[in-house]
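These are my notebook entries on a structure that was new to me, written down in the order in which I looked things up.

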Amino acid sequence: MKELQTLLERLPFVYQIINEQNPVITHMTTDSREVKAGALFACIKGYTVDGHDFAQQAYDQGAVALLVEHELTDSPLVQIKVKDVFRVLSFLANEMYDYPTNEMHMIGITGTNGKTSITYILEEIFKKNKQQTALVGTIQMKIGDKSFPIKNTTPEPSYLFNSFQAMKQANVDHCMMEVSSHALEEGRVRGIDFDIAVFTNLTQDHLDYHPSMMDYRLAKERLFQQLGNRYDPVRPKYAVINADDAYAEHFIHATSQPVVTYGLTPASDLYATDIQLSATQTQFTLSGMVDEVRITSKLIGKFNVYNMLAATATALKSGVSMNVIKAALESLPGVKGRFQSVQTNTHYSVIVDYAHTPDSLKNVLETIQTFATGKIYCVVGCGGDRDKTKRPLMAHVSETYSDVTILTSDNPRTEDPETIIKDMEKGLESSNYVVEIDRKQAIHRAIDLARESDVILIAGKGHETYQIIGRETYPFDDYQVAHDYLEKRLGD
Ligand SMILES: CC(=O)N[C@H]1[C@@H](OP(=O)(O)OP(=O)(O)OC[C@H]2O[C@@H](n3ccc(=O)[nH]c3=O)[C@H](O)[C@@H]2O)O[C@H](CO)[C@@H](O)[C@@H]1O[C@H](C)C(=O)N[C@@H](C)C(=O)N[C@H](CCC(=O)O)C(=O)O
Ligand SMILES: Nc1ncnc2c1ncn2[C@@H]1O[C@H](COP(=O)(O)OP(=O)(O)OP(=O)(O)O)[C@@H](O)[C@H]1O
Ligand SMILES: N[C@H](CCC[C@H](N)C(=O)O)C(=O)O
Ligand SMILES: [Mg+2]
C-alpha cells in the first residue's frame with residue numbers, strides 16, 4: 001500500500017495530474033474486471049478494445065486512481081495522464097512493489113522452443129541446491145510449491161511485479177521466467193532486473209504477430225539489450241546463448257554483458273558429446289566449463305540435451321556446483337506435456353508433446369525415429385487465429401517424418417476447423433493421410449490403428465487441459481483422452 005504521491009515522487013516520465021487527490025493505492029491492474037477497492041487502474045489501448053472505456057467499471061468496483069493517455073472528463077478520479085501508459089506502468093509497478101527483482105536472482109529465457117522445459121530443469125537444480133524458487137511460464141506461475149494460474153506465458157507488468165513481491169514475501173531467491181516475443185515486443189518485462197538471459201533457438205512461429213522473421217528476431221534480441229544496462233561487479237550479468245543456432249551471433253551482439261555459449265562442439269564454452277538417445281533415457285558427456293562428466297537423464301531427445309546445456313550453463317554461472325547439477329539432471333522425471341509417455345500396458349507407445357511449430361515437430365519426430373521399430377502415427381493440428389504460414393509446414397514435417405499423419409483440430413479458436421485443416425493439407429504431397437476434425441476421435445483412431453512396436457505422437461497441446469473452439473473453452477486433455485481410451489480397450 002502506498003500513497004499515490006509517494007509513487008509519483010521519482011517518476012522520470014512527463015505527466016499531468018487531473019483531479020488532484022492523494023489516495024492510498026492498494027494494487028495496480030490493467031484489467032477492470034480485476035479491480036478491487038484502492039486500485040490504480042491503468043488504461044491500455046489494446047488490439048481489440050481500449051481500456052479507457054472501462055474506467056467507469058473500474059470506478060464502480062473501487063478504483064481510486066487512473067493512469068491514462070487522454071483525460072476522461074466524466075471520471076471524478078484522480079488521473080495521471082502520460083504519453084505511454086504501458087511504459088509508465090512498469091516504473092510505477094516497480095515503485096509500488098519495492099523493486100522486487102533487484103534482489104532476486106532473475107533468469108529470463110527466450111527463444112522459439114525450450115523455454116518451459118528449461119525453467120523446470122532449473123527449478124529442479126536450484127531446489128536441489130536448497131534455494132527457494134519461483135517460476136513464471138506457459139504452464140503456470142509457481143511460488144515454492146504453490147501453483148497459480150496464468151493467462152499469458154509472460155504476463156503484463158502490474159500482474160508480474162505484484163507476483164514478484166509475493167515471491168519475495170515467500171523468501172524466493174531464484175526466479176526463472178519465460179520471456180515470450182509478444183512480451184518483449186509489447187514491453188511487458190521492462191524494468192525487470194534480469195541477471196541471466198538465456199537464448200534457446202529461433203525458428204518459425206508467430207508470423208501472424210511479427211511481420212517477418214527479422215521482426216521476430218529483433219523482438220527476442222530486446223531481452224539481451226535490456227540485460228544489465230549497467231555493469232554491476234556485485235551481481236554480474238551473463239547472456240547464455242546456444243552457439244549452434246543460426247542466429248546466435250545476433251544475440252551475442254545485442255548484449256554488453258559477458259556471454260557464455262553452449263552447443264554440441266568444443267567451440268562452445270559448455271558442450272555435450274557422445275550423445276546416446278533411447279526411448280527411455282538420454283546420455284551425454286558434458287565438457288568445457290567443467291571437468292568431463294557423464295549424464296544420464298530421463299528427458300528424451302537431442303533437443304533436451306540443448307535444454308540441459310542451457311540450464312547447466314545458467315546454474316554454473318549462478319554458483320551451483322556440478323555435483324548438484326548432475327544430481328538434478330538425473331532425477332528430473334520429465335516436464336508435463338513435453339515428450340510425456342502415456343502409461344499403457346500395450347506393446348505400442350503413445351507420446352504427448354507440445355510441439356506446435358515446424359521445428360519442434362521435426363525434432364520430436366526425428367527423436368522418435370531414432371528408437372521406433374514399428375510405424376509412427378502423428379496426430380497433429382494447428383491453432384486458429386495464429387500464424388497461418390506454419391500450417392502447411394507442420395503438415396509437411398508430419399508427412400516426412402511419420403508413416404501416418406492424422407490431421408485434426410488443435411485450438412481452432414474463432415476459425416473454421418476445416419479451413420485450418422485445408423491450410424495444412426496444402427503442405428502434403430501424398431494423399432496417404434487421415435482427416436478427423438474431432439480431436440478425441442482422432443486420438444482414438446490412432447490408437448485403433450496402432451500395432452505392436454508402433455509409436456503414436458499426439459502433438460501440439462501438451463499440458464493444455466482445454467480446447468478453445470469458437471469463443472468457448474472446453475475441458476480437454478490429450479494425455480487423459482489417450483489414457484482413458486487405452487484403459488477402456490483393455491477392459492473390452
Ligand atoms: C496479441 C496479444 O498479445 N494480446 C494481449 C493483449 O491483449 P489486447 O491488446 O488484445 O487487449 P484488449 O483485449 O484489447 O484489452 C485492452 C485492455 O483493456 C482491458 N480490459 C478489457 C476488457 C474489459 O472488460 N476490461 C478491461 O479492463 C484489458 O485488460 C487490456 O488491458 O494484452 C492482454 C493483457 O496483457 C493479453 O492477455 C493479450 O494476450 C492474448 C490473450 C494472447 O493470446 N496473447 C498471446 C498471443 C501471447 O501473448 N502469447 C505469448 C506466448 C507465445 C509463446 O510463447 O509461444 C504469451 O506471452 O503469452
Ligand atoms: N531446445 C529445443 N529445441 C527445439 N525443440 C524443442 C526444444 N525444447 C523443446 N522442444 C520442443 O518444443 C515443444 C515445446 O517445448 P517448451 O514448452 O519447452 O517450449 P517453449 O519455448 O516454452 O514454448 P512456448 O513458446 O509455447 O511457450 C516441446 O514439446 C518439444 O517438442
Ligand atoms: N504459446 C503458443 C501456444 C500454442 C499452442 C497451440 N496448442 C495453439 O493453441 O496454437 C501460442 O500462443 O502460439
Ligand atoms: Mg513455454
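**Aromatic pairs**

I began with Phe251, which is buried, with a relative accessible area of 0%. The model is a predicted one, and I kept that in mind for every entry below.

I then looked for the ring that pairs with Phe251, and found that the centres of the Phe224 and Phe251 rings are 5.5 Å apart with their planes at 85°, so this pair is edge-to-face. Phe224 sits in helix 7 and Phe251 in helix 8 (residues 248-254), so the pair ties together parts of the chain that are 27 residues apart in sequence. Phe224 also counts as buried, at 0% relative accessibility. I noted as well that ring pairs link Phe199, Phe224 and Phe251 into a cluster.

How many aromatic pairs does a search of the whole structure find? The search finds five. One of them joins Tyr47 and Tyr209, edge-to-face, at 6.0 Å centre to centre and with 70° between the planes. This pair links distant parts of the chain, 162 residues apart, since I found Tyr47 in the loop between strand 5 (39-42) and helix 2 (55-60), and Tyr209 in the loop between strand 13 (196-199) and helix 7 (213-226). Tyr47 is exposed, with a relative accessible area of 65%, whereas Tyr209 is partly exposed, at 22%.

**Nonpolar cores**

Next I turned to the largest nonpolar core, which has 54 residues, and in which Leu67, Phe164, Met167 and Met177 touch the most other members. The largest share of this core, eight residues, is supplied by helix 3 (residues 85-96). A separate core of 41 residues lies apart from it, and includes Phe284, Leu309, Ala315 and Ile325.

I followed up Met177 and, leaving aside residues up to four places away in sequence, I listed its contacts, among them Met106, Ile107, Val136, Leu160, Phe164, Val189, Ile192 and Phe194.

**The magnesium ion**

Which residues coordinate the magnesium ion (ligand 4)? I found Thr116 (OG1), Thr138 (OG1) and Glu178 (OE), at 2.1 to 2.2 Å. Along the chain, the donors follow the spacing T-x21-T-x39-E. Thr138 lies in the loop between strand 9 (133-136) and strand 10 (141-143), while Glu178 lies in strand 12 (residues 174-178), so these two tie together parts that are 40 residues apart in sequence. I checked both for burial: Thr138 counts as buried at 19% relative accessibility, and Glu178 counts as buried at 2%. The value for Thr138 made me look up the cut-off, which is under 20% for a buried residue.

**Thr30**

I also looked up Thr30, whose place is in the loop between strand 4 (27-29) and strand 5. Thr30 is buried, with a relative accessible area of 19%. Not counting residues up to four places away in sequence, Thr30 touches Phe41, Ala42, Ile44, Leu89, Glu156 and Ser158.

**The UniProt feature**

My last entry concerns a record: an unreviewed UniProt entry places the feature "domain: Mur ligase C-terminal" at residues 337-462. Over residues 337-462, I noted that the chain is 37% helix and 19% strand, and that the end C-alpha atoms are 4 Å apart.

Notes. Residues numbered from 1 in each chain as written. Chains lettered and ligands numbered in written order. Predicted model: local features only at pLDDT ≥ 70, side-chain atom pairs only at ≥ 80, totals over all residues. Heavy atoms only, no water. Core = buried A, V, L, I, M, F, W, Y, C linked by side-chain atoms within 4.5 Å. Buried < 20%, exposed > 50% of the residue type's maximum accessible area, 1.4 Å probe, protein only. Contact = heavy atoms within 4.5 Å. Phe/Tyr/Trp six-rings, centres within 6.5 Å; stacked < 30°, edge-to-face > 60°. UniProt positions renumbered as here; feature names shortened; annotations may be inferred. Donors = N, O, S within 2.8 Å, 3.2 Å for Na, K, Ca; no water.
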